[in-house]
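Trainee: I'm new to this one. Could you walk me through how to read it?

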Amino acid sequence: MSDPLTKAIETLRGGLSALETTPDLAAIQRGRDEVYARFGPLFSPGHLPTLTAEEFSPFLDFKVNRHWSGIHRYKNRLTSDMDILRQALGVLTDEDSPLPQRYDRARELVDGLGRATATPILHVVYPDRYGVWNSKSEAGLKEIGLLPSFPHDRTDGQKYEEINHVLLRLAEALEIDLWTLDTLWEWITSPRKLAPPFDAIFADRAQAEWAFDLFADAVERLGGGLDDPRFALTLPHSNMMRLNIGNSIVMDFSNHGQTFHLTALTDEMEGVFNYPRGENFRVTAKGTSKPFAVYTIPSEAVRQGPSGLQAIMERSIEAFGKEFIQWQKSNLRRAHREEVFAALFDEEERERLLAQGLTAADFAAIEELMNDKPPTPSPDLSIANEFKGFTADAFAFLGELAANNNKAWMDANRERWKNSVREPMRALFADLGPHVKKLFDPYLLPDELEIERKILANINKNWTATPDSKYHEYYWGAFYRRDLSRQTDAQLFVNIFPDMLRGGFYMGHGTDNTFGRSLREHPDKFLALVGRLELEIDFVFERALPDGSREAVPVQSADDLIEWTATNNFGFVRRFTPAQVVAQGPALADTILDTFRRVFPIYLLAVADEPDALIERYLETEFGTDEDDDLDEPAPTPYIFADFTRHTCLTDGRAAELLAMLMDKRQAIFYGPPGTGKTFVARRLGRLLTGLADPPPERLTVVQFHPAYGYEEFIEGIRPRSKTGEDGRAVIDYPVRPGAFVRFCREAAQYGDQPCVFIIDEINRGNIPRIFGELMLLLEYRDQSIPLPYSGDRFRIPPNVCVIGTMNTADRSIALVDFALRRRFHFARFAANPELFDRWLAGRPAPPWLGALYRRLTEEAIDDEDYRIGPSVFMRDDLSEEGARRAWEWSVLPWLREYYIDQPARAELWAWDGELLHGIRGNNGG
């Protein structure tokens, strides 16, 4: 026995006596036989086909399973589709399959069937063969030094198999059962200390676990869940954790667990419990809601107090939730600690958080929020190069200009103007420019941002320098799309006033207010985007008034959006006081870049033709998502050269040739008679180029040409659209809509150097010169862009786009293809190939004469190679002799009769029951 194992067994053996003397552990031990007797038969393979949600759900309750807490959080996800759950549990408990495969497969089938739920189920079905793998057992194994280390490519099923092996060895060495071993993890992990700040908030680990469950139950009673933005879980002090809904406290813990605050119904509490409380308040106006108050209750009274208090707590929380049912978002979300809130519902995340605590950066962020300071990026990471910050004199100068707005005063202060305002603004935009182009241009293609020409304003109100000249009493700069201007495009802007600096998104008076109309037609989409980005925390909706001043507009509904967008002069801005601006110095450049980064999806909504996909990709790239361990998306399945040759049955040389041909010119056409695998190979070559077995449509798309297919479907065109006008009446307009290829190229441009493949099936069935239009030029000159005729937008084909066409030579000879098209594509011939069919047949159950039959068909039936029949007509995995007959009589023979329409006797030579085919089948084992 190895030294680590010996030491671990000695440690665990020391806890065996605690299982009898510690009440909580003794209770777990007493529950074993009852749990086995109740749930073992329910989860057995024989009963699983009839398992009901009512039978399954109690197992998730700690009071019933007597051992595993926290898994009740997965109830809704597990029981939402009982058919799938029964299937997954059947896979999990089927010992005819290897453990790793069935564990991983079961987890794929059901959302929420992770290790914390799957392994206890396996354990109660087979108590002597499977131990439990959850955060407790993993922490225990780590504590005693026996937690295996895993390579990055190991699946959860493979990890569990190794961990279960360790658990079995420990139970055998200790001469105990696996249930008892699982109870020992409770003992060995209980002395662990809480990490900051939770050590100052709670008395001990047990209280922290209980409090997290209490908060989670409160969220559910309030009608919410993990992704509900009405909630904010905050750490307002170093020794307090607080749950808020809307703008109000629900409950909090503080002072090492000594103090507990709860918002409760005063009508229920008064005369029953005499706890200290604050003043009564009502949530809604005019006294229409019930009165509440915040009560101070000893935490032990909440945990172990009379049942009456528990009932009042539950009724109060449910009533409080109803008061906030119409709220969309808490106004305390800026201080929301997402990782702590997630730990309420996720046992593994809770374990990590209580053990590791928060980082120094987390504490700094909390302190910054509590002090209401603007974010201060690290100087080491600052983008500032030329920009040194604004001084207080910038704001003082603009204030004095407002009081002395004339040419004489400006002439006397021109150097001051340049040094304090203009030069800092120029340097700020010089530092921002390269970063905004790198971040945003991929989503604007074929447009791009202007970062050099006329991005700074002129402070003169007019262009003549006369004695009565007036000046703008503010100064600004903006990024906009090249070939447009600040006046005619939406902007990402910064401006500075005597009392503030502002930055964000702006729609000027010279722009088309299609954006405003779109928002009024689809307000929910816009409000959801604002909420998803949490922009309302730092940004305000502004609009310009007729006198030139600006006002903030509260926006929470469609009616509010109408107010905001009523004029073509509105913005979504982030404001900074002079003190905040001066204090940040050069780091203001980072703050403004972050401002643009956060508001850019609104800019896309204003300028993109089809913004939804662009916005989703931008959000995924720039902001990402935090995934629950039990909800991890499986990694994309790769697709490699060996997969390509295996699926297509091409030789390595032929496969490599096709790949090289496409990469050389990035345009290729596969031509040949029907059934030779042109489209099949094109699709799989697309997978090989993307490296993905299931590439998304923005990386691999297939369209099919036909005689009615036109330029409008492929490049762009005008389409009628019915919509509701501002007067409520239906109107028809004719917007320009991008075609399939333009949309694909715009999305592909966001993937940088990663190949994206556009397949045109039956390319020769369309009127190619008419469909392609300007594309004939761009296919040859990938580095150029051209304006499109309807929209005027500039368009180019990104270098990562590969185009594959397939051409059926039975429809049209390649000799008839336009020479201009032939010059722009490489061509690969696909022939009726008996050798390829023989490779496909190898190892497959098929009639023994099928290969010989196809070879004779290819070599003798049709002389013209462009009309020979490809092997795909027979390439079916379930092809029996009867299936071969049907394929022949339903597909092959009609084709031969059509080909020999003026020589029917030649076609009939190949009749299924004719002498020729009888001979082929008989001579080859048929």
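Trainee: How many aromatic pairs does the structure hold?

Mentor: It holds 62 aromatic pairs. Rings of Phe, Tyr and Trp (its six-membered ring) pair if their centres lie within 6.5 Å; planes under 30 degrees apart count as stacked, over 60 as edge-to-face and the rest as tilted. Take Phe-43 and Phe-56: the ring centres are 5.8 Å apart and the planes sit at 55 degrees, so this pair is tilted. Phe-43 lies in the loop between helix H4 (32-42) and helix H5 (53-56), while Phe-56 is in helix H5, so the pair ties together parts 13 residues apart in sequence. Before we go on: this is a predicted model, where local features need pLDDT of at least 70, side-chain atom pairs count only at pLDDT 80 or more, and totals for chains, interfaces and linings use all residues. Residues are numbered from 1 along each chain as its sequence is written, and side-chain values use heavy atoms, with hydrogens and water left out.

Trainee: What is the order of the strands in the parallel sheet?

Mentor: First the idea: strands of a sheet pair through backbone hydrogen bonds, either parallel or antiparallel. Here, five strands make an open, parallel sheet ordered E14-E19-E22-E13-E23. Two strands pair if DSSP finds at least two bridges between them; helices (H or I, at least four residues) and strands (E, at least two) are DSSP runs, numbered from the N terminus. E14 (700-704) and E23 (826-829) are the edge strands with a single partner each, so one side of each has no neighbour in the sheet. Five bridges link E14 to E19 (residues 756-761), and Gln-704 has Asp-761 as its bridge partner in E19. Helix H35 (residues 740-748) packs on this sheet, touching E14, E19 and E22; contact means heavy atoms within 4.5 Å.

Trainee: At what angle do helices H22 and H24 cross?

Mentor: Two packed helices are described by the angle between their axes and the distance between the axes. H22 (residues 392-403) and H24 (residues 414-444) cross at roughly 130 degrees, with axes coming within 8 Å. Axes are lines fitted to C-alpha atoms, for helices over the stretch in contact, and angles run from 0 to 180 degrees between N-to-C directions. That makes H22 oblique to H24 (under 35 degrees is roughly parallel, over 145 roughly antiparallel, 65 to 115 roughly perpendicular, the rest oblique).

Trainee: Which residues of H22 meet H24?

Mentor: Asp-393, Ala-394, Ala-396, Phe-397 and Glu-400 do, facing Arg-416, Trp-417, Ser-420 and Val-421 in H24.
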